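Me: I would like to go through this structure with you, piece by piece. Could you take the questions as they come?

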Amino acid sequence: MPRNRHNERMRTALCPGSYDPVTLGHLDVIERVRALYDVVIVAILHNPAKAGTFSVSERIGFLESALEPAGAGRGQVRVAAFADRLVVDVAREVGAQAIVKGLRGPTDFGYELPMALMNRQLSGVETVFIPGDPRFEHVSSSLIKEVARFGGDIAGLVPEPVRLALEQVYRR
């Protein structure tokens with residue numbers, strides 16, 4: 001079992017999502033979780049029967065390129081994809097002590113709380129909620145795609161490679 005400098009078990013957090021595409025709001029939450037845990041697994045959960053805007057490998061690439069290398073006092077981040085699985089099964093597989101979800105506001109809390117309670121009942125794994133940065137309260141992957149589809153400016157809301165890729169997808 002991995003040990004940290006204090007000879008304790010490594011603390012691992014799971015940050016699940018579709019990340020189609022990753023936004024600056026997602027990255028803000030992941031970076032703050034990184035300060036709290038030794039290892040952060042960013043889990044791209046996907047259904048192979050559904051076509052996303054970006055392939056799973058593209059999503060992995062966007063996330064890996066956007067996440068800065070770990071600095072002093074910050075945990076390592078790994079990006080991995082998981083298909084057709086319950087998030088609690090993924091948490092068990094990676095040895096996560098917590099599932100971490102970012103919340104933009106009360107609507108997200110209302111949506112996430114029943115899932116957190118079910119996940120705890122199924123596995124005993126707790127969900128930790130991290131409030132999102134208010135600058136990104138209105139930002140969701142779905143809205144980003146809609147704005148990009150109609151030619152709106154998404155600069156400052158997604159990493160630059162994602163912005164450029166969305167422009168290519170929705171080029172008319």
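Me: Where does Pro-21 lie?
Reply: Pro-21 lies in the loop between β1 and α1 (24-34); helices (H or I, at least four residues) and strands (E, at least two) are DSSP runs, numbered from the N terminus. This is a predicted model, in which local features need pLDDT of at least 70 and side-chain atom pairs count only at pLDDT 80 or more, while totals for chains, interfaces and linings use all residues. Residues are numbered from 1 along each chain as its sequence is written, and side-chain values use heavy atoms, with hydrogens and water left out.

Me: Is Pro-21 buried or exposed?
Reply: Pro-21 is buried, because its relative accessible area is 0%. Buried means under 20% relative accessible area, exposed over 50%, and partly exposed in between (1.4 Å probe, protein chains only).

Me: Which residues is Pro-21 in contact with?
Reply: Leaving aside neighbours within four places in sequence, Pro-21 is in contact with His-26, Phe-54, Ser-141, Ile-144, Lys-145, Val-162 and Leu-166. Contact means heavy atoms within 4.5 Å.

Me: What does the side chain of Ser-141 reach?
Reply: The Ser-141 side chain reaches the backbone oxygen of Pro-21 at 2.6 Å. Ser-141 belongs to helix α5 (residues 141-149) and counts as buried because its relative accessibility is 13%. With neighbours within four places in sequence set aside, Ser-141 is in contact with Asp-20, Pro-21, Thr-23 and His-26.

Me: And how far is Pro-21 from Arg-34?
Reply: Their C-alpha atoms are separated by 20 Å, with Pro-21 and Arg-34 being 13 residues apart along the chain.

Me: Changing topic: why is strand β4 largely enclosed?
Reply: Strand β4 (residues 98-103) has 5 of its 6 residues buried, so the rest of the structure largely encloses it.

Me: How does β4 pair with β1 and with β5?
Reply: β1 and β4 pair in the parallel sense over 2 bridges, with Leu-14 opposite Ile-99 in β4. β4 also pairs in the parallel sense with strand β5 (residues 126-131), over 6 bridges; there, Gly-102 has Ile-130 in β5 as its bridge partner. Two strands pair if DSSP finds at least two bridges between them.

Me: On to charges. How many salt bridges are there?
Reply: The count comes to 13 salt bridges, each being a side-chain nitrogen of Lys or Arg within 4 Å of a carboxyl oxygen of Asp or Glu.

Me: Which residue forms a salt bridge with Arg-32?
Reply: Asp-28 does, and the closest N and O atoms are 2.9 Å apart. Arg-32 is partly exposed at 33% relative accessibility, whereas Asp-28 is buried at 16%.

Me: What about Asp-89?
Reply: Its side chain meets that of Arg-92 in a salt bridge (3.0 Å, N to O). These residues are 3 apart in helix α3 (residues 87-94), so about one helical turn separates them.

Me: And Glu-126?
Reply: Glu-126 forms a salt bridge with Arg-120, with 3.6 Å between the closest N and O atoms. Salt bridges that share partners also join Asp-20, Arg-59 and Lys-145 into one network.

Technical notes: A polar contact is a pair of N or O atoms within 3.5 Å; within protein, one must be able to donate a hydrogen and the other to accept it, and residues adjacent in sequence count only if both atoms are side-chain atoms.
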